[in-house]
Amino acid sequence: MRIPRVGLGLVVALATTPTWAQEQLTVEDAVSLALSRNERAKISNLNVTSAEAGVARARTAFFPTVIAGGTYTQSPDDVVAAGKNAYSTVATVTISQPILNASAFPLYAQSKRLLDGQVAQTVDDKRQLAFDAAKAFFAALVADDVLAAANKRLDTAKSNFADTQARSQAGLVSTNDVSRAQIDLANAVREVENDKGVSQVAYVTLAFTINAPVSAKLALPTTLLAAGRATIPTIEGLLRVAIAHRPDLTSKRHLAVAAHDFADEPLLRLVPTLSLGATFRVSSDETLVGHGFYNNEFLTATLSWPLFDAGIRYADKRARDAQATIADLTVDALIRSVDAQVRSAAFGLVAAQNALGAAQQARDAAKQSADETAILYKQGLAKAIELVDANDSRFLADVSYASSENSVALAYLGLRQALGLDPIGTTLE
């Protein structure tokens, strides 16, 4: 997916923004809402508008200017008494057309490169916003999973406490088992309340990012989760994708070229500048013609050659050359940073995938252990503490699995972000 396709994808996302009366909020909806409602996207668009105005401003160095002016003079009474006119008027129109202005060319080239760089930077700014929305969506989703696991544990603790009380009253277990079941119930209630707070914070963050209330249930992004579990390509292939698709790298390259264009301007001030001017003048001044109106026209050619400017242009040249070198080094540093980001993201995704497999095995084993311990406890073959420990292990395994699944999704998003892709996609190319 090349940079224009990334930009096109963002435009399509804006055009397909949901009306927000849906039963479920998908990750695609969250991204679309963020791109259409978040102020960061609007600011990015305005930055492009500002850069376009800079190009228009630089282009004016090649166009003519037209200035119209006029004066009105009221004569004193003694002048009028002497038979002169009581007033005089003068109107002028001056046109100036640059013919040769060598330093304007690199400045115009610089402004166009700055615009190209800003366009690429805007694509990257919106891309980062899209990733923020997707990550906020997954944070809320995993908070829901943890809260669901906590509620399941609470239901189990309530059932165990009721069952233990009944067995204690029947003389089948000691009151110590009732105390342990009560402690487990209290811990389950505390866990649910804590997880409710975490979930509420996650939803507040999501609503802030998309700039819309989140009243619908979050839809599980099964396609994206499945893509995160797939085998990733080779590191070399991923690096080629990143170098070709990172819009921030494209932006920095344009800015580096713009810096070199800007550095070419000072020495071009040595070239003479030439402009043509035309003036049309109409006057009713009696001192010139005695009566009526008088008009004349002037055509001028102006040649300016700054032979010595106290060394300003040479100082500007050295400073701008240094800034251009800094821009080149910034590109080189970003390329190395992209390499490190891609490698780190790829290793992180592989590690998250392996951890998810282990978490799934632990969850299945914990569920089986809790079910078996519950059966043994009802048969009087297991103690209350064993039942509590089994239920706690099941809860921790459920939370670990939800966290691992979220880690895989975030690692996959991180790899796509490092590659310069948008968050919604199932292929790493």
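Ring pairs join Phe 62, Phe 105 and Tyr 108 into a cluster. Two rings of Phe, Tyr or Trp (its six-membered ring) pair if their centres lie within 6.5 Å; planes under 30 degrees apart are stacked, over 60 edge-to-face, and the rest tilted.

Before going on: this is a predicted model, where local features need pLDDT of at least 70, side-chain atom pairs count only at pLDDT 80 or more, and totals for chains, interfaces and linings use all residues. Residues are numbered from 1 along each chain as its sequence is written, and side-chain values use heavy atoms, with hydrogens and water left out.

The structure holds three aromatic pairs. In one of them, Phe 62 and Phe 105 have ring centres 5.0 Å apart and planes at 55°, so this pair is tilted. How exposed are the two? Phe 62 is partly exposed, at 24% relative accessible area, and Phe 105 is also partly exposed, at 49%. Buried means under 20%, exposed over 50%, and partly exposed in between, with a 1.4 Å probe and protein chains only.

Phe 137 and Phe 138 make an edge-to-face pair, with 6.0 Å between centres and 85° between planes. Phe 137 is buried, at 0%, and Phe 138 is buried, at 2%.

Now charges over rings. The term applies if NZ of Lys or CZ of Arg is within 6 Å of the ring centre and within 35 degrees of the ring normal. The charged end of Arg 153 sits over the ring of Phe 395, 5.1 Å from its centre. Arg 363 has its charged end over the ring of Tyr 401, 3.9 Å from the ring's centre.
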